[in-house]
Amino acid sequence: PVKRVYAWMPMLAWQPPAGDPVAEDRVVTLPNIANHLAMGYPRLSPFSPRARQFIRDLYVDLAHSATFDGILFHDDVTLSDYEDGSRWALKAYGQWGLPASVPAIRANPGAMARWTQRKTAFLDAFATELAQAVRDEQPGLKSARNLYAQVVLNPKSEEWYSQSLASSLAHYDYTAVMAMPYMEQAPDPTAFLRAIVDKVAARPGAMAKVVIELQTVDWRKDDAPIPSAELADTIRTLYGWGVENI
C-alpha cells in the first residue's frame, strides 16, 4: 500500500575516502567555551566548491541509480553559531560584507544577525540546488527536510542551528519537525507537542506542509521502545489538534 517513497539523505555529513582531497574540506567548529550546542556530525563545508561538487555528484548518481518520489534532507543541514570557520566560509563572509572571522562576527550583534540569516539561506539554497539536480532526471520530485524542534519553539534558535521554519516552508514541499520530547528531555511531553502544533498552526497554510516526526524509541534509555499505547494516543491527540501529517 506504500504510495510514495522518499530517499532520506544527508546533505553535508559525508566522509569521503581518506585519500580523497575533498575529505579535508570539512566544516570548522570554533572553540565553544560554553559548549551549549554540539552538532555531532562531521560535515563537509558547503562553502567549499570542491565539496559542493562532490555532494552534487552523489545526488546525480542517486538520481541515475534509483527511482523515488522525494528527498528528505537529514538534520545535518545545519551550522552552529560557532561554524563555519573554514577558509572557504571566511571568504564567503567577506563577500557578504561581514567581518572575515567568526569571533569578529560574534562580537557584533548586527553582523551576527546578518550572518545567521545568510547561513540559513545559503544552506536552503544548496538543498534546493541538489533537489533540482535530481529533479532534472526525475521530474515531479518532492523535497522535504528535517528541522529541530527548538527552531519552531524558539526564534533565537535560528542563530544556534542556521535553520528557520519560515525559510523551510518557503523552500521545501514538506518540513519534518523532530517533535521528540524524550530526546529533548521535555518535562511535559504533551505540553511540548502542543507548543509545536500551536506555533505551526499560527502560520497560514503551514499545517499542510509540516510533518510531525515522532520517536518510537527513547535513545536516552538504551533505545527502550515507546509503549505502543502511548504512541497511538499521541497520534490520536495530534490529529485532534489539527495535525495533517505524521
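Before I start, let me say that a residue is called buried when its relative accessible area is under 20%, exposed when it is over 50%, and partly exposed in between. With that in hand, please keep in mind that we are looking at a predicted model, and that my topic today is its salt bridges, of which the count comes to eight.

Now let us turn to Asp25, which pairs with Arg50 at 2.8 Å between the closest N and O atoms. This pair links distant parts of the chain, since Asp25 sits in the loop between strand S1 (6-9) and helix H1 (49-65), while Arg50 belongs to helix H1, 25 residues apart. Asp25 is buried, with a relative accessible area of 1%, whereas Arg50, at 42%, is partly exposed.

The side chains of Arg106 and Asp81 also meet in a salt bridge, at 3.3 Å from N to O. Arg106 lies in helix H3 (residues 102-106) and Asp81 in the loop between strand S2 (70-73) and helix H2 (87-95), so this pair ties together parts that are 25 residues apart in sequence. Here Asp81 is buried at 2%, and Arg106 is partly exposed at 31%.

Finally, I would point you to Arg52, Arg56 and Glu129, which are linked in a network of salt bridges.

Key: Residues are numbered from 1 along each chain as its sequence is written. This is a predicted model: local features need pLDDT of at least 70, side-chain atom pairs count only at pLDDT 80 or more; totals for chains, interfaces and linings use all residues. Side-chain values use heavy atoms; hydrogens and water are left out. A salt bridge is a side-chain nitrogen of Lys or Arg within 4 Å of a carboxyl oxygen of Asp or Glu. Helices (H or I, at least four residues) and strands (E, at least two) are DSSP runs, numbered from the N terminus. Buried means under 20% relative accessible area, exposed over 50%, partly exposed in between (1.4 Å probe, protein chains only).
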